[in-house]
Amino acid sequence: MKLNHKVAVITGGARGIGKAIGQTLAAEGAKLAVSDILADAAEATAAEFRENGTDAKAFTTDVADSADVQRLVKDVLAEFGQIDILVNNAGITRDNLLLRLKDTDWETVLAVNLTGTFNCIKAVARPMMKARSGKIINIASVVGVMGNAGQANYSASKGGVIALTKTAAKEFASRNINVNAVAPGYIITEMTERLPEEAREAFLKLIPFGRGGTPDDVARVVGFLASPDADYITGQTINVDGGMVM
Ligand code: NDP
């Protein structure tokens, strides 16, 4: 197994893509810190992992709150002794056309998706730099590359995540830390189930494979980037989108 003895922190890890990422990393032997904003959801998912023989613990964290994130890193280090992998997966949408977007919709989405990613990278950087090793994987989105009507806040946040990935990759490479992003296209989760039918159909028309992706489609690529197979890859954004953007 490629991730034996490795400890992975997954934000927004209780459900959807984050939970699938946990399953993939656990299958390769990783121990899991399942972090989510809702305590009950995090605990239920961690308990499920433990039932399947994975060393997993739940942590309640709002990634938008830097003090909360610092506490998360401190608690994970106290519990597991190290952090080898960070997956910045927590993300939200508050969709509306730009002219109708409220200030709070803009601020909240930027706070969780972009500032949250920054908070977590900053908090794990020190222990990873000390260890001279680490893998950071940020979940962006293809709309961060191509833009999307109705998602000014979300696409700006995800474009920011891609730029942040490149800068962190440059700053941390000398300490043997890889920083990459995965940009999913249209993946079937609770997040996209909330989309109006027309928006889902519009996405499907753009996908050469003609279908939405699964959380596992994304998780397998994250598993690769977290493994030693990706040791010489950094600063990259890999689209997992059925060919939507090429
Ligand atoms: P979900 O909404 O299904 O899951 C997101 C998880 O993040 C939830 O458990 C949610 O908790 C948690 N979360 C929300 N806010 C915070 C916060 N402030 N701090 C910590 N955790 C939080 O989304 P997906 O699984 O679909 O998405 C996962 C990632 O993939 C996101 O970054 C998303 O932007 C990205 N993505 C998804 C795509 C898709 O098609 N599904 C496409 C492109 C990118 P709660 O239960 O409280 O909501």
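Predicted model: local features only at pLDDT ≥ 70, side-chain atom pairs only at ≥ 80, totals over all residues.
I began with glycine 185: one of its backbone N or O atoms lies 3.4 Å from an oxygen atom of the ligand, which I log as a polar contact (a pair of N or O atoms within 3.5 Å). Taken alone, the ligand exposes 890 Å², and the protein buries 92% of that; these areas come from the Shrake-Rupley method with a 1.4 Å probe.

Residues are numbered from 1 along each chain as its sequence is written, and side-chain values use heavy atoms, with hydrogens and water left out.

Next I looked up two other contacts. Tyrosine 154 has a side-chain N or O atom 2.5 Å from an oxygen atom of the ligand. Threonine 61 brings a backbone N or O atom to 3.4 Å from a ligand nitrogen atom.

I found 27 residues surrounding the ligand, with Arg15, Asp36, Asn89, Tyr154 and Thr189 the closest; to be near, a residue needs a heavy atom within 4 Å. Helices α1 (16-27), α6 (152-172) and α7 (190-193) each supply at least two shell residues, helices being DSSP runs (H or I) of at least four residues.

Last, I turned to phenylalanine 59, which lies in strand β3 (residues 56-60); a strand is a DSSP run (E) of at least two residues. Is phenylalanine 59 buried or exposed? I count it as buried because its relative accessibility is 7%, and buried means under 20% relative accessible area (1.4 Å probe, protein chains only).

Technical notes. Polar contact = N/O pair within 3.5 Å; in protein donor to acceptor, adjacent residues only side chain to side chain. Buried < 20%, exposed > 50% of the residue type's maximum accessible area, 1.4 Å probe, protein only.
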